[in-house]
Amino acid sequence: MPPNWAGAGIRFTGFGHYFGSEEIHNESAENATTSSVEDRVIGGVGVRTRYRATDAETPVHMAAQASRQALKQAGVDAGDIDLVVVSHWTDRDYVHEVGALTAAELGIKGPMAFEIAGSCAGFIQAVHTAAAFLTSPAGHRRALVATTERVTRRVRPGSKGAMLVSDGAGACVLEAAPGRADGLIDSVFHTDGSLAHMSAAGGDQGWVRSHPDLNDVALTHVRDAVEDLLARNGLTVDDIDWLIPHSGTEPLAKGIQHRLGADPARVLTNLSHRGNVSSASIPTTVSELLERGVVAPGDLVLSPSIGGGVWCWGGLLYRI
């Protein structure tokens, strides 16, 4: 099977990031409330600094801030965008739709804008979806993908889980120019609703609760997504310049390195100093690493992720 997007000329032309304005430095987890399941899933936390959004820093506000940065880096105006896809799950409501509101906040009126809810795998789902539109007969040529999450509202205050998560947003601009070199090479995205019990947010407060086997199941799917992308494109993990996964937790981050046999120096995340930002983890990591010059245009990257209690998972193979 050839790469999904071969010849489509879909390129990442800009990235952006934004984090909640309240910076919190983690102390020892000894005084945090926890459980045997939380200890198994989260481990030693592994997060030094995390961020909390104020009430004024809504998902729409954060998505717009990250998007403006991505648009500026891409050298385009909001009026040049043909499609907006926003990944968001932490402040779900009946109305209003975060995708459309983010577009309106940016002054984008008319083009299709919508919201998806793939949890931590939302960035993979959003890029996969945008690419499908960019290669469709609809004639879309430029898409804005934004991810925005207030994860701190989905964990029990004072718990070990609260020490793991952050609020923030990431964004990228995708442009399709058939005939030019591909940036987005391939993508996969899968779902299995029978696994939804692995992690869920429910009850009066909507706090997340996890199954003790969450990391084991997640690692199996991450490995499968990576092996699928590598095999489809005739590559090995050694051919990849950078592995930038959604790591989620410290045990998951270490497990990814071990299961994939990847050189730890080439596995990059922002978990330790930004916390778990759910669907915003991968794009914020890429955005910050580009800003710091750690990754560079032309680098080959593989980004796997799992989400929604591992009921959805997938990955992206792309050049910066």
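Leaving aside neighbours within four places in sequence, F12 is in contact (heavy atoms within 4.5 Å) with F123, V127, C172, V173, L174, L184, Y318 and R319. The structure is a predicted model, in which local features need pLDDT of at least 70 and side-chain atom pairs count only at pLDDT 80 or more, whereas totals for chains, interfaces and linings use all residues. Residues are numbered from 1 along each chain as its sequence is written, and side-chain values use heavy atoms, with hydrogens and water left out.

F12 is one of the residues that touch the most other members of the largest nonpolar core, which has 37 residues. Such a core is a set of buried Ala, Val, Leu, Ile, Met, Phe, Trp, Tyr and Cys residues joined through side-chain atoms within 4.5 Å. Helix α4 (residues 122–134) gives the most to this core, with seven residues.

In helix α6 (residues 250–260), the buried residues are L252, A253, G255, I256 and L260; buried means under 20% relative accessible area and exposed over 50% (1.4 Å probe, protein chains only). Because these residues cover an arc of only 165° around the axis, they lie on the same side of α6. K254 and H258 are exposed on the other side. The buried residues of α6 pack against α5 (214–232) and β11 (242–243).

Two polar contacts (pairs of N or O atoms within 3.5 Å, one able to donate a hydrogen and the other to accept it) are tabulated below.

| Side-chain atom | Backbone atom | Distance |
|---|---|---|
| T249, oxygen | L252, nitrogen | 3.2 Å |
| K160, polar atom | G43, oxygen | 3.1 Å |

T249 caps the N-terminal end of α6. K160 is buried, with a relative accessible area of 11%.

How values were computed. Helix = DSSP H or I, 4+ residues; strand = E, 2+ residues; numbered from the N terminus. Arc of directions from axis to C-beta.
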